[in-house]
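Take a walk through this model with the sequence alongside.

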Amino acid sequence: MSLEKFLNKAVSSWMNAEGPDSDIILSSRIRYARNLRNYKFPTIFSNEEAREIITSINKIIESKSLQNYGEMDFLEIDNLKSLQKRVLVEKHLISPQLAENSSHGAVVLSDSEDISIMINEEDHIRIQCLFPGLQINEALKRANEIDDVLEAKLDYAFDEDFGYLTSCPTNVGTGLRASVMVHLPGLILTRQMNRIIPAINQLGLVVRGIYGEGSEALGNIFQISNQITLGKSEEDIVGDLISVVKQIIAQERSARQSLVKTSNIQLEDRVFRSYGILANSRVIETKEAAERLSDVRLGIDLGYIKQLSKNILNELMILTQPGFLQQYAGGPLRPAERDIKRATFIRERLKLEEKDR
């Protein structure tokens, strides 16, 4: 498999699968942070140490130890162009930090892109597993299996009192970050999110934007994850997250029902105005495109729009990002050129969807 496969396919294979509560929960993710004993953390390790770590993990991949999870590709970040790295970030296959600080970094990607193992990011190893819908426990099971394979062949840095040792103290313990990507237009339109976010934070969880820490919540899409990794088991961390997320699901559905009951014609008008803009605009910026796509996805979920697949949001939210636009254009584009190309892609994609149906 080639790098082009990961760059050219907008939607990862796992995104096309249905998952529980997928009208609200776009994806579930488990990420483990791991380091190797007797090596300095990536913030201070030597070039020689970095290369040894890459070589050790590449040998495990070449030994087919993970073959039960599909074909695996090993990509060294140093060998990628800036635009290629940006596309992988937009697909959530690597982190912005790995893309920006890529010296001696690498990533292992599964064919379906539901597994990503980042090497020499903030920690020596970051294991990431993604599932559609609310499937945190399933993602945890898969991540544990991969972690077990690696730990059987590598000497992890582990302390009996503190657990797994990590570069950032907030990850010490289980090294686990469990998160869900949620689409919450109902809570935004009913102005409840400003009340809900502080309540979530008080429960030991954090709400971030679509690309994690420091990113914006484009298209009413938020990432909710745990903050505490020390003093709790993996199962307890995941259980607490699921409990809170289920409450958010109930609140979002209630908000949507309230909008339909009290402002149905206004909501329907909003949905179809956004659809009309997406289907006909010649210039559109990233933020507006995300907002309009959120409206259309809400319209699909509520049954206003029947000719489009709900996966259109997942696909176009990635396809219309700056990196992908330039990848498809074959080179750099100025912001104004990207806005034109974005509008063209959306129009053509909507026409294709309607034609197929």
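Which residues in H9 meet which residues in H10? From H9 come Ala290, Leu293, Ser294, Arg297 and Ile300. Facing them in H10 are Ile312, Leu313, Asn314, Leu316 and Met317. Keep in mind that this is a predicted model.

Now look at how these two helices are set. H9 spans residues 286–301, and H10 spans residues 311–319. Their axes lie 9 Å apart. The packing angle is about 170°. Angles over 145 degrees count as roughly antiparallel, so H9 is roughly antiparallel to H10. The contact residues divide into seven nonpolar, two polar and one charged. Arg297 of H9 belongs to this contact, and arginine counts as charged.

Helix H5 covers residues 136–153, and helix H8 covers residues 234–280. The axes of H5 and H8 come within 10 Å. They cross at roughly 155°. That angle makes H5 roughly antiparallel to H8. The crossing of H5 and H8 is right-handed. On the H5 side, the contact is made by Ile136, Asn137 and Leu140. On the H8 side, Glu234, Val238, Leu241 and Ile242 take part. By class, the residues of this contact are five nonpolar, one polar and one charged. Glu234 is in the contact, and glutamate counts as charged.

Where does Thr190 sit? Thr190 is in the loop between helix H6 (185–189) and helix H7 (193–202). Its relative accessibility is 25%, so Thr190 counts as partly exposed. Set aside the neighbours within four places in sequence, and Thr190 is in contact with Ala255 and Leu259. Both numbers fall in the range of H8, residues 234–280. Thr190 and Leu259 are 69 residues apart along the chain. Their C-alpha atoms are separated by 7.8 Å.

Last, the cysteines. How many disulfides does the structure hold? It holds zero. A disulfide is a covalent bond between the sulfur atoms of two cysteines. Is Cys129 buried or exposed? Cys129 has 0% relative accessibility, so it counts as buried. Cys168 has 22% relative accessibility and counts as partly exposed.

Methods:
Residues numbered from 1 in each chain as written. Predicted model: local features only at pLDDT ≥ 70, side-chain atom pairs only at ≥ 80, totals over all residues. Heavy atoms only, no water. Axes fitted to C-alpha atoms, helices over the stretch in contact; angles between N-to-C directions. Helix = DSSP H or I, 4+ residues; strand = E, 2+ residues; numbered from the N terminus. Parallel < 35°, antiparallel > 145°, perpendicular 65-115°, else oblique. Left-handed = near helix turned anticlockwise from the far one by under 90°. Contact = heavy atoms within 4.5 Å. Disulfide = S-S within 2.5 Å. Buried < 20%, exposed > 50% of the residue type's maximum accessible area, 1.4 Å probe, protein only.
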